[in-house]
Amino acid sequence: MIELISNHPFAAAISALLLLGLPFGALLGFAAVKFKTQGDPIADQIEELLPQTQCGQCSYPGCRPYAEAIANGEAINKCPPGGESTINALADLLGVEATPLDAEHGEENIKKVAFIREAECIGCTKCIQACPVDAILGAAKQMHTVIVSECTGCDLCVEPCPVDCIDMLPIQPTLQTWSWDLPVPAEQLIASDSRDVMGAEA
Amino acid sequence: MRKTWNIHGGIHPAENKQQSTQQPITSAGIPELLVFPLSQHIGTPATPVVTVGQRVLKGETIASGKGFVSVPVHASTSGEVIAIESRPVPHPSGMSARCIVIRPDGRDEWIKHRGIADFRSSDKAELLSLIRESGIAGMGGAGFPTAVKLSVRDDQNIETLIINGTECEPYITADDMLMRERADEIIAGTAILQHLINPSVQTLIGVEDNKPEAIAALQRAAQGSNIEIVSFPTKYPSGGEKQLIQILTGKEVPSGGLPASIGIVCQNVGTTVAVYRAVTLGEPLITRITTITGSACQQQRNFEVLLGTPVKYLLDQCGYNAQQCSRLIMGGPMMGFTLGCEDIPVVKTTNCILAPTATEISPPSPAQACIRCGLCAEACPVSLLPQQMYWFARAKEYDQLEEHKLMDCIECGACSYVCPSNIPLVQYYRASKAEIRELKQDAIKAEHSKARFEARQERIERQEAEKEAKRIARKAAAEARAAGGASGDKTDAIQAAIERAKAKKAGNAVASTSTNNMATKTSVEPLNSGSDKPLDAAQAAIEKAKNKRAGGGAEAPTRESLEQALASIEKRLNGAKEKLQQAEQQGSDKLDAFRIGVEKTEAKYQQAKTALDEFIQANPAQQSAAPAAEKVKLTGDAAQDAIARALAKREAASTMTDEERLKNAISSIGKRLDKAREKLALAENEGSDTATILAESISKLEGKLIDAQQAFDEYQQQN
């Protein structure tokens with residue numbers, strides 16, 4: 001046997017590799033079937049970071065489609081409701097550079113909530129059909145109203161309203177929700193300094 | 001002397017407590033207006049239970065607690081409710097909130113109240129309810145409802161009750177004066193708390209060693225009880241709950257945990273007095289001791305203040321000079337906040353009003369860059385890394401902040417105090433904490449919205465599916481109705497024909513072996529004309545089927561029917577060939593289908609032909625002298641007719657005897673000659689240029705006629 005190997009070192013090496021390869025290949029094949037991942041875990045993780053307003057400002061019909069698109073290489077900076085924090089979180093998750101929000105898809109705004117001027121509402125139910133989270137209550141030819149706690153402020157109900165009776169009102173802070181603002185960093189107190197700092201950081 | 005422990009870090013700012021301890025506590029009196037914010041505690045704001053114009057008595061409930069973590073609000077003197085409106089409240093935001101405004105009538109008339117003579121015989125739940133209904137919330141500064149804090153679960157074994165008399169923040173002396181003057185009440189209140197939570201090991205009152213009078217007074221009052229007064233070196237922020245627990249017991253409250261989880265309950269001395277008054281005297285929490293201090297006030301002292309008293313009323317009694325005051329602070333210099341106006345009322349948590357001059361507390365100097373000196377980390381009483389957290393807060397790296405236990409920060413401000421660059425570190429932490437809380441709220445809301453969105457999508461899909469199912473059901477019903485109406489005079493064969501036609505309509509190009517006349521045609525038609533005329537095709541199929549049935553079907557084949565069939569197949573064959581040619585020219589992908597169609601039609605043609613031959617041989621009697629071509633009048637296509645006629649003639653000719661054939665030939669040539677002559681006459685009349693061609697053909701026909709006659713003569717001579 002040893003003689004055989006020493007006489008045919010090349011063939012012996014190849015056959016040894018083949019012998020190793022077969023069981024490992026079988027093992028891998030088995031594992032691929034046994035531990036097959038259901039769905040797209042990356043898209044799931046991305047979706048968890050998105051704000052779920054379902055507003056479509058990213059040009060995808062909802063947060064899930066955008067999450068899937070990001071998983072397939074779409075830019076991460078198209079979510080205005082999520083804003084900078086969402087972009088940072090996505091950048092962390094995907095290990096890519098955090099880019100500023102794409103202005104084409106809207107600006108990061110203060111949180112808003114839809115408000116129906118009920119006296120003007122004609123009860124057409126168009127806003128109800130547009131609302132992605134069923135946050136508008138009403139029936140045909142009955143006054144509609146917004147369930148504030150469910151409204152994501154996605155704006156989608158404003159466009160279909162034939163009498164323009166829906167306003168997007170900024171959410172006012174209450175004593176319970178008020179918080180301190182982050183102080184202005186010392187280096188940015190002087191305008192010329194702040195530019196330099198920005199430049200240095202960029 | 002009892003052993004005490006030390007806490008990490010801490011600072012020693014100038015105490016400035018002696019200014020306000022020179023005079024005893026005095027009552028501030030009744031102001032012109034009392035303002036009661038509905039939210040003076042942590043938790044749900046109270047709900048007003050009085051109406052504007054209503055007269056209320058001292059101690060009457062004017063707003064009731066809503067929910068578990070909430071306490072009611074009481075009128076602190078008798079008077080009239082003049083408004084329930086939004087007014088500035090003591091809050092760092094300077095925002096307004098709903099308040100009940102009472103104009104006192106000066107009579108200070110108490111509502112009927114009665115204390116519990118022997119609290120030891122009372123039920124714990126009853127006492128807790130009494131404490132809650134007395135509106136008692138932590139008076140050390142946080143304002144957490146005391147009854148909630150005292151509701152210890154049965155499975156939690158509380159070893160130590162700690163009464164917090166530390167008051168570590170500079171300037172504030174409210175608790176100090178309370179301990180000096182009302183030590184008996186504190187000890188009595190502590191006894192009630194002992195009864196409520198039943199500490200199994202010890203009851204301690206922790207007082208810093210900068211308050212010797214208070215310690216002496218408490219020790220006098222505590223004689224004969226199992227309450228121990230513990231003093232320890234002064235250091236800010238020893239008065240923090242967790243810090244005091246560590247100093248007195250050496251135990252650390254775990255991160256994110258409550259003191260009760262390590263068997264300790266901690267209460268402020270002011271709260272203890274409030275509990276005593278509520279239980280023993282039946283008086284709700286309507287007054288508190290508040291320190292008025294700062295160099296902008298001529299007299300710095302402690303007042304027993306009716307809750308709701310505007311700050312301005314207190315300051316006026318102290319010779320307050322607004323010009324000198326750099327900023328008005330509620331609370332101490334370390335953790336207090338600046339008041340926007342002087343009309344803000346004293347609430348349950350207001351332990352101090354500080355009116356410093358600019359020299360006393362200078363406005364914050366501008367912050368400079370962090371030099372990474374590390375003093376903040378040395379000063380932090382919670383052993384955090386303020387400098388690291390500062391950078392993370394600036395970069396908004398909230399994950400990292402949480403990793404660095406930002407949430408354990410007690411916001412004592414020691415780090416900001418020691419910072420040589422004057423960086424307002426604690427502000428960064430406050431802002432970041434709020435941001436993290438908000439992000440968590442957002443995440444919860446996002447999850448909720450997602451669930452709602454998905455539920456909606458599912459519902460819409462289900463509705464669509466239901467609609468579709470209904471539509472299909474309706475369609476099926478309509479078809480069944482139509483079929484039921486037609487079955488009166490039509491048989492299954494017709495239904496089958498309809499179905500076949502439909503199958504073809506679906507675009508199946510391969511010609512089936514169906515016996516239906518039109519089968520091939522319908523299969524070819526949709527290929528060329530698309531599927532825009534499928535209905536016509538189907539109707540045509542039905543008509544044909546009807547005709548066919550009317551024309552014989554089950555009857556024995558006649559020569560006529562066979563010939564008809566042959567002619568029609570022939571016609572189809574030609575059509576199919578034409579289509580094939582077209583397809584070949586256009587390079588259509590249906591070429592194969594056409595070829596198959598043509599082949600099949602040819603096969604059928606052969607079949608029909610042999611059938612006709614057999615029939616003719618079997619029934620020679622029926623032989624007709626008239627050419628079979630005469631019968632073929634089904635179609636209007638002259639060329640195809642001619643071909644069919646010629647074929648039929650050839651067929652007929654093959655079976656004729658020579659004599660007959662020759663006779664036929666002569667008669668047919670004669671006929672053609674007659675016709676040609678007629679045509680020539682017509683053409684000559686009209687002056688047509690075809691006349692010469694016709695004349696030529698006539699002469700040829702004449703020649704043929706002569707040939708035929710000669711052949712006939714020869715034939716007759718031979719026989």
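Helices (H or I, at least four residues) and strands (E, at least two) are here DSSP runs, numbered from the N terminus. The model on screen is predicted, so that local features need pLDDT of at least 70 and side-chain atom pairs count only at pLDDT 80 or more, while totals for chains, interfaces and linings use all residues. Residues are numbered from 1 along each chain as its sequence is written, and chains are lettered from A, with ligands numbered from 1, in the order in which they are written.

Select chain B to begin, where there are 21 helices and 17 strands. Of its 719 residues, 40% are buried, a residue being buried if 20 or more other C-beta atoms, placed from the backbone, lie within 10 Å of its own.

Next, select residues 386-395 of chain B, which form helix H10, and look for its buried residues, among them Pro386(B), Met389(B), Tyr390(B) and Phe392(B). Lys396(B), which follows H10(B), has a positive phi, near 55°.

Eleven of the 13 residues of H7(B) are buried, including Arg277(B) and Tyr276(B). After H7(B) comes Gly282(B), with a positive phi near 75°.

Finally, show both chains: 23 residues of chain A are in contact with 27 residues of chain B, contact meaning that C-beta atoms, placed from the backbone, lie within 7 Å.

Definitions and conventions:
Two residues are in contact if their C-beta atoms, placed from the backbone, lie within 7 Å. A residue is buried if 20 or more other C-beta atoms lie within 10 Å of its own, exposed if 12 or fewer, and partly exposed in between; C-beta atoms are placed from the backbone.
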